[in-house]
Amino acid sequence: MSDLLPFLPWQQDIAETWLGQRDRFAHAWLIHGLAGIGKRQFALAAAASLLCESPQGGMACMHCAACQWLSSGNHPDLRRIRPDALAAEEGAATAEQDTEGPKKAPSRDIRVEQLRTLGNWFNTATHRGGWRVALLYPARAMNVVTANALLKVLEEPPAHTVFLLVADAPDLLLPTLVSRCRRLPLPVPGAEQSLQWLESEGIANADQWLAAAGGAPLLARQLAQSGSGPCPDWLAGFISGLADGRGQEIGALADELEKVAPEIWIDALQRIFVDLSLASVGTPVRYFPALARHTQRVAAQASAAQLSEMGKWLAQQRAVANHPLNAKLFTHSALQRSALACLPAG
Ligand SMILES: [Zn+2]
């Protein structure tokens, strides 16, 4: 797997300014912003720029020995610290997989051992005395124990080492950890630039996908490649059922959604509730224009306060979506609450 990626077009300028101050670079950065705008790629491209032996205008040259190591995914001075499940999704060979014994599902957390084993790495000299870069993502995959272990490391930072932490929502992280990092907020790119990029990626109906993704181009591409339409079929069925006053088969739908990553379907529910809230005050919907007719009908009958409460509840659930105690129960109750929130007021 290649570790050598360029900066995305909308991140070039920020990267140039940021990397321009590398002689007084902080040792820990918190790169944060909306999900799906390319924060992970930004961090990887930044790592390449820091490790490159002959950077061009601050950016990785893509040709030197360091860049070639990155390209073959084995630069000794780069570590990715991420949940095993994510490593598997990204196609990395998981070193710690047992070949015998019962198969355990790969962890969705960053394990504290992953930080403890870094000690040896910190004590090894870097290649030609350059930087060492630790990429940690997503930061919210750290539990309190892991976050405290990282905090300890950052309190006595190892020499020549830069930590790049990636987070959607820094407010959900341990405040003492956040205070040890310099923040680098990444903005949502302008629609024109995003659409241009999506089209260059061969995505048809780019504008609809970008709307469905709330303006986040990488999420838009992911949704487009997921095989369904800009609006998930289940969501269309759910909202049209509510609009027509048909009963909801929550059980069957919950079974279907159990196979989808929780953050994907919660995001979709969150977005439809934003649309519902917009429709309830007579504003055009934002995310699912194709469902506008149904959304408006539901919004006309439901209580605006109830819709907005539901939106808040979903936002809270989104933060813990990777750790439901009981996935089936959680899916079921989220759908039931959503349906109830859409019932006629009073
Ligand atoms: Zn290079």
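Salt bridges in a predicted model

Mentor: The structure holds 13 salt bridges. This is a predicted model, in which local features need pLDDT of at least 70 and side-chain atom pairs count only at pLDDT 80 or more, while totals for chains, interfaces and linings use all residues. Residues are numbered from 1 along each chain as its sequence is written, and side-chain values use heavy atoms, with hydrogens and water left out.

Trainee: Why is the contact between R111 and D84 called a salt bridge?

Mentor: A salt bridge needs a side-chain nitrogen of Lys or Arg within 4 Å of a carboxyl oxygen of Asp or Glu. The closest N and O atoms of R111 and D84 are 3.2 Å apart, so the pair qualifies.

Trainee: What makes this pair a tie between parts of the chain?

Mentor: D84 is in helix α4, R111 in the loop between α4 (84-89) and α5 (112-116), so the bridge links parts 27 residues apart in sequence. Helices here are DSSP runs (H or I, at least four residues), numbered from the N terminus.

Trainee: How do you know whether R318 is buried or exposed?

Mentor: Buried means under 20% relative accessible area, exposed over 50%, partly exposed in between (1.4 Å probe, protein chains only). R318 has 16%, so R318 is buried; D267, at 13%, is buried too.

Trainee: Why is K312 called partly exposed?

Mentor: Its relative accessibility is 48%, so K312 falls in the in-between class.

Conventions:
Helices (H or I, at least four residues) and strands (E, at least two) are DSSP runs, numbered from the N terminus.
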